[in-house]
Amino acid sequence: MKFEIKRERLVEGLNDVMKAVSSKTTIPILTGIKMDVSTEGMRLTGSDSDITIQTFIPTEEDGKQLIDVTEGGSIVLQAKVFGEIVRKLPTNEVEIEINSNFQTHIRSGKSEFHLIGLDAMDYPQLPDIQDDRLFTIPADLLKTINRETVFAVSSSETRPVLTGVHWEVKDGELVCVATDSHRLARRKTKLETLPEGEYSVVIPGKSLNELNKILDDTSDPVEIVMTNQQVLFKSKHILFFSRLLEGNYPDTSRLIPSEYKTTVTVNGRSLLQAIDRASLLAREERNNVVRFSTSEGSEVEVSSNSPEVGKVEEQLQAQSVDGEELKISFSAKFMMDALKAIDGQDVVIQFTGAMRPFILKSALDDSILQLILPVRTY
């Protein structure tokens with residue numbers, strides 16, 4: 001196997017697939033990156049058996065030659081070492097040659113490296129995924145959906161299914177829900193291209209975070225294929241596979257209240273900043289709790305009291321406050337995460353009482369819903 005490649009494109013490809021490579025894997029060959037070279041171009045694959053990322057670099061693109069292949073073939077090279085070498089090579093022209101017993105020579109300018117490779121036949125095969133459950137979402141919308149839900153997944157492994165986001169497709173709509181049993185984030189999206197039938201999967205939050213790092217902020221379509229064990233995201237030159245979480249996701253629709261006693265409409269950004277300031281004093285304590293209260297008129301009060309540190313109170317002008325007066329306490333971090341997901345628009349907050357979950361949504365549309373459980377304070 002022998003070829004020449006432009007260093008900058010190789011670095012870009014390696015940056016994508018390295019996101020799937022973990023040093024903690026129990027399968028030694030997965031600490032490497034698989035490289036397949038043919039006359040069409042180069043495929044790079046990285047995996048930690050939960051996530052697999054494959055990227056393709058064509059031999060030419062927009063009339064520019066990126067790879068010159070003398071002889072094709074496959075090899076697995078140590079990801080960390082190979083990545084560092086390629087990044088630090090002196091010129092943009094890189095020549096890679098592999099001899100019969102996986103001895104790999106990397107040349108660039110006057111610099112030459114010799115690496116010991118591994119047999120690509122020992123690298124796990126990619127899952128074979130049929131396209132019968134395929135739909136597409138623009139990349140920027142997919143990133144937004146992930147950003148608005150993934151933060152609410154559980155970080156505790158006691159209920160593994162809660163460390164993922166529940167994606168459910170039905171009635172022409174994709175509904176994504178994440179919860180750690182103290183809060184919940186839900187995002188609904190109407191889709192044009194949906195296959196027949198209803199189905200649902202739970203995608204690990206970690207996978208969706210890594211996917212967001214790879215996708216571009218463009219409206220290019222991303223194809224999504226779901227099977228019983230895997231989900232595949234296909235964009236321009238990238239395939240991103242993730243295993244799915246097993247287990248039944250809890251029915252979260254029961255948690256969302258149907259009637260409310262107090263409704264507050266307020267500017268999301270102002271409220272976020274007020275809670276951020278109030279939490280300055282609450283941070284010392286383990287619970288980071290902020291109080292929120294309404295009174296007659298359209299002002300609300302955000303306050304925090306920490307016996308050792310001091311207290312803070314701030315009045316905030318709301319657009320409207322309807323219903324019963326209310327005093328409620330909640331985690332400042334949960335509230336700030338929810339407000340960031342709704343992203344600075346005017347926010348409607350609906351309460352059913354001091355000890356019941358309350359919901360936040362954008363005043364402009366119903367597609368995003370955040371639910372938070374209050375904290376008991378005495």
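The dialogue below reads the sheets, domains and salt bridges of a predicted model.

Student: Which domains is the chain divided into?

Tutor: In this predicted model, the chain is divided into domain 1 (2–122), domain 2 (134–253) and domain 3 (256–372).

Student: How should I read a sheet, and in what order do the strands of the eight-stranded open sheet stand?

Tutor: Strands of a sheet pair through backbone hydrogen bonds, either parallel or antiparallel. Here eight strands form an open sheet in the order 8-2-3-4-19-18-17-12, and the pairing is antiparallel. Strand 8 (73–78) and strand 12 (134–138) stand at the edges with a single partner strand each, so one side of each has no neighbour in the sheet. Direction ignored, neighbouring strands of this sheet are turned by 20 degrees against each other on average.

Student: What is the order of the strands in the nine-stranded open sheet, and which strands are at its edges?

Tutor: The order is 16-13-14-15-28-27-26-20-24, again with antiparallel pairing, and the edge strands, each pairing on one side only, are strand 16 (199–204) and strand 24 (320–323). Helix 6 (residues 332–342), in turn, lies across strand 15, strand 26, strand 27 (358–362) and strand 28 (368–372), running at about 175 degrees to strand 28.

Student: How is the size of an interface expressed, and how much area is buried between domain 2 and domain 3?

Tutor: The size of an interface is often given as the accessible area lost when the parts come together. Between domain 2 and domain 3 about 1200 Å² is buried, and carbon and sulfur atoms give 51% of this area. Arg183, Leu184 and Arg186 supply 48% of the area that domain 2 buries against domain 3, more than any other three residues. The C-alpha centres of domain 2 and domain 3 lie 28 Å apart, and the contact takes twelve residues from each of these two domains.

Student: Which charged residues form salt bridges, and how many such bridges are counted between domain 2 and domain 3?

Tutor: Side chains of opposite charge can pair when their charged atoms come close. One salt bridge is counted between domain 2 and domain 3. Asp337 forms a salt bridge with Arg183, with the closest N and O atoms 2.8 Å apart. Strand 15 (residues 183–190) provides the largest share of the side of domain 2 that touches domain 3, namely six residues. Elsewhere, Arg187 and Glu148 meet through their side chains in a salt bridge (2.6 Å, N to O). Arg187 lies in strand 15 and Glu148 in helix 3 (residues 139–149), so this pair ties together parts that are 39 residues apart in sequence.

Notes
Residues are numbered from 1 along each chain as its sequence is written. This is a predicted model: local features need pLDDT of at least 70, side-chain atom pairs count only at pLDDT 80 or more; totals for chains, interfaces and linings use all residues. Side-chain values use heavy atoms; hydrogens and water are left out. Two strands pair if DSSP finds at least two bridges between them. Helices (H or I, at least four residues) and strands (E, at least two) are DSSP runs, numbered from the N terminus. Axes are lines fitted to C-alpha atoms, for helices over the stretch in contact, and angles run from 0 to 180 degrees between N-to-C directions. Domain bounds come from an automatic or database domain assignment. Contact means heavy atoms within 4.5 Å. Buried area is the accessible area (1.4 Å probe) that two parts lose on being put together, summed over both. A salt bridge is a side-chain nitrogen of Lys or Arg within 4 Å of a carboxyl oxygen of Asp or Glu.
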